[in-house]
Amino acid sequence: MTKLNEILQQWKDDPAFMSNITRWEVVPTTEGCFCNFPDYLEPQLCEALQRRGIEKLYSHQAAAIDAVRQGNHTVVVTPTSSGKTLCYNLPVVSAIIKEPSSRALYLFPTKALSQDQVAELRELTAGLDTTLNCHTYDGDTESGLRQGIRRSGHIVVTNPDMLHSAILPHHTKWVHLFQNLKFIVIDEMHQYRGVFGSHVANVIRRLKRICAFYGSNPTFILCSATIANPGELAGLLIEEPLQVITENGAPQAEKHFILYNPPLINLELGLRRSALLEAQRIATELIRKGVQTILFTRSRLGVEVLLTYLRQSIKTRPGEESTIRGYRGGYLPRERRAIEEGLRKGTIKGVVSTNALELGIDIGALDACVMTGYPGSIASTWQQAGRSGRRRGVSLAMLVANSEPLNQYIVSNPDYFFGRTPERALADPNNLIILTNHVRCAAFELPFDQNECFGRTEIIAILQFLAEEDVLYLSDGRYHWMEDTYPAEKISLRSATRENIVIVDISEAHPRVIGEVDRFSAPMLVHEEAIYIHGGQQFQVEKLDFNEKKAYVRQVEVNYFTDANLSVDLKVLDIFEDESGGVTRACGDVRINALVSMFKKIRFNTHENIGSGPVDLPETEMHTTAFWISFTAAVLGGMTPVAVQSGLIGLANLVPQVASLFLMGDPRDLRAVSQVKAPFTEMPTLFLYDNFPGGVGYSQEIYRIYRDVFQAARRVITDCRCADGCPSCIGPIYQNGESGKLPAMQLLEVILR
Ligand SMILES: [Zn+2]
């Protein structure tokens with residue numbers, strides 16, 4: 001019996017432990033499905049694979065290579081550690097051996113993944129007769145190397161941001177690459193959703209436009225974690241028909257997947273024992289017994305805290321180096337490489353990581369994975385869980401829930417988690433602001449013909465608008481760039497607008513940037529005197545400079561947090577779709593005006609109001625899309641106005657959170673406003689709106705799947721054992737008055753009737 005088996009048995013025999021388990025799922029061993037190397041694969045490449053101990057391919061690898069060989073754009077959807085990199089490396093390397101002038105461009109969402117990929121490519125191609133040049137090209141690439149990479153790099157590995165701001169605008173320096181580009185590889189495709197995905201789809205439109213200009217027509221190969229709509233997302237991104245491969249041929253050994261809900265310590269408030277401490281206790285037990293373990297936590301600070309606790313509980317002899325390490329962004333590359341190697345070799349027994357290790361960085365396979373809090377999406381959870389599990393022998397993945405509604409929903413509804421994934425990754429490449437920004441970038445790169453489409457979208461109105469703004473001029477039926485600046489530099493792919501407020505910590509001699517908030521949230525979160533919490537540390541805002549787009553903060557330790565009174569005025573501008581009745585649902589365009597006029601200081605734990613102050617900031621305005629639902633007096637029956645109000649407030653707290661279950665977004669991407677008598681509907685109304693100018697499609701999706709969303713909300717409330725509402729369901733009591741839980745439930749019954 002292995003050490004891990006022994007521990008699993010002990011847990012099974014321990015009633016106290018088992019009472020916290022909401023599901024113990026055993027994923028059985030699967031044999032895997034193998035294929036011989038196809039005849040057309042270059043013999044020297046087959047030999048290189050054999051030297052690395054690979055005698056056969058998994059069926060999905062063979063299917064992908066075959067699809068690409070037939071010239072099909074292909075998307076491969078398989079779990080972590082299923083050898084997906086060979087799905088693209090084999091066709092690409094094989095094509096370059098056959099025709100050494102061929103070129104490939106690889107896109108990864110992060111720099112670390114790009115470096116890892118180049119290392120892997122170099123290993124694969126080391127013994128080949130043909131020399132292959134593989135390079136990363138990003139902000140870290142030395143300027144002396146850049147010219148050589150542009151001219152003779154067979155495979156250029158970069159990220160979308162670099163493609164957008166450095167490669168496409170300077171395409172004339174990359175003639176060789178674009179003329180001979182045969183393949184574009186997009187890994188971790190599921191990351192390209194929401195605002196980021198909407199941007200990346202437009203960057204790909206620009207990329208295809210440039211390829212067409214230089215006469216190349218590359219094949220796209222995409223890889224994704226499991227989501228509900230891989231074909232749809234890939235289609236949005238590349239706007240081409242494609243082949244979707246989802247059958248996984250990789251073998252898998254037995255895996256125990258455990259959902260763990262820490263015990264309640266305060267029933268009234270719904271408080272549970274800390275997920276962090278529970279996870280630490282479990283990991284300590286595993287590591288002590290020699291089970292190599294990875295612990296995931298959501299924040300950088302969480303990494304440091306857990307690491308400290310673990311090292312305290314697992315002492316090493318004086319002079320001996322600890323076998324437990326932290327891993328997160330902000331560590332030096334050399335340090336990270338050493339940790340990765342230690343994990344592969346087994347000299348490191350435990351590692352605490354942010355989601356930095358969730359993505360495909362090669363650390364070998366560990367015995368156990370413990371997740372502190374729900375990683376935010378089912379796809380991420382499976383990716384993190386995939387970090388444990390070897391070819392042979394049992395492995396463990398364990399999710400330790402915290403008390404937030406999303407976490408509680410997942411552990412209380414294991415069938416939802418283990419069933420077919422409902423998560424659809426959404427993006428809206430035609431968001432007007434994002435689209436217009438990329439039309440500017442594209443016009444800088446190459447002039448537009450008067451009637452040219454951008455991707456598959458007609459943009460004549462945008463071209464005319466930009467000409468009126470003196471950004472473009474029309475000559476001989478073509479629109480030319482006329483400003484002297486170049487546009488890509490000022491457009492970030494990670495936000496919808498250029499208007500983020502940067503948070504600067506001035507506690508020490510050298511000010512440092514610790515984060516940013518979007519302009520619309522700034523008055524709420526970083527008004528003067530606000531307590532801004534970042535990675536568990538409190539900061540007080542000293543100055544918010546709206547013009548400079550900076551908030552200056554200083555570290556403090558106080559016993560309260562601040563809560564700004566936000567009054568949101570929401571005006572419906574246009575209805576896309578609606579369905580009326582006793583309960584009316586609709587989605588459409590709205591204008592949001594938000595004004596923060598004062599804030600309260602709320603004491604921790606007791607939630608007493610211990611002071612307040614004015615906020616003197618201008619109103620912010622945003623046009624976006626919203627979903628709304630309203631109720632006639634008749635369907636509400638005998639509910640009092642006060643009950644309706646507190647029910648709506650409760651739903652406004654809860655619904656955006658559970659909606660993120662279905663949208664693969666961050667709960668902050670969606671906001672809610674409730675109005676007891678909305679000017680537009682003249683009825684009690686709950687609005688949910690996309691928290692980005694122009695929207696990215698969330699509201700329309702909620703309109704479609706509203707029953708799923710509200711049913712999930714109802715389940716959270718039913719499952720929560722608090723009396724009147726708590727942070728695990730409809731929000732803390734101090735926001736809702738005495739009794740928000742019952743009216744929220746009554747409204748849900750009306751909606752779902
Ligand atoms: Zn509750």
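Two strands are taken as paired if DSSP finds at least two bridges between them. Helices (H or I, at least four residues) and strands (E, at least two) are DSSP runs, numbered from the N terminus. The model is predicted: local features need pLDDT of at least 70, side-chain atom pairs count only at pLDDT 80 or more, and totals for chains, interfaces and linings use all residues. Residues are numbered from 1 along each chain as its sequence is written, and side-chain values use heavy atoms, with hydrogens and water left out.

The protein is divided into domain 1 (3–27 + 252–418), domain 2 (34–245), domain 3 (432–489) and domain 4 (569–595 + 619–752). These bounds come from an automatic or database domain assignment. The centres of domain 3 and domain 4, taken over C-alpha atoms, are 39 Å apart.

Strand β4 (residues 74–77) runs parallel to β10, joined by 3 bridges. T74 has Q243 of β10 as its bridge partner.

Helix α10 (residues 194–213) packs against helix α11 (residues 230–238) at about 50°, with the axes 7 Å apart. Axes are lines fitted to C-alpha atoms, for helices over the stretch in contact, and angles run from 0 to 180 degrees between N-to-C directions. G197, V200, A201, I204 and K208 of α10 meet L236, L237 and I238 of α11, contact meaning heavy atoms within 4.5 Å.

A second open sheet, also of 7 strands, has mixed pairing and the order β1-β11-β18-β17-β14-β16-β15. Its edges are β1 (21–27) and β15 (324–327), each with a single partner strand, so one side of each is left without a neighbour in the sheet. β15 and strand β16 (residues 350–353) run parallel and share 4 bridges. R325 is partnered by V351 of β16. Helix α1 (residues 3–12) packs on this sheet, touching β1, β11 (255–260) and β18 (395–400). The direction of α1 makes about 45° with that of β18.
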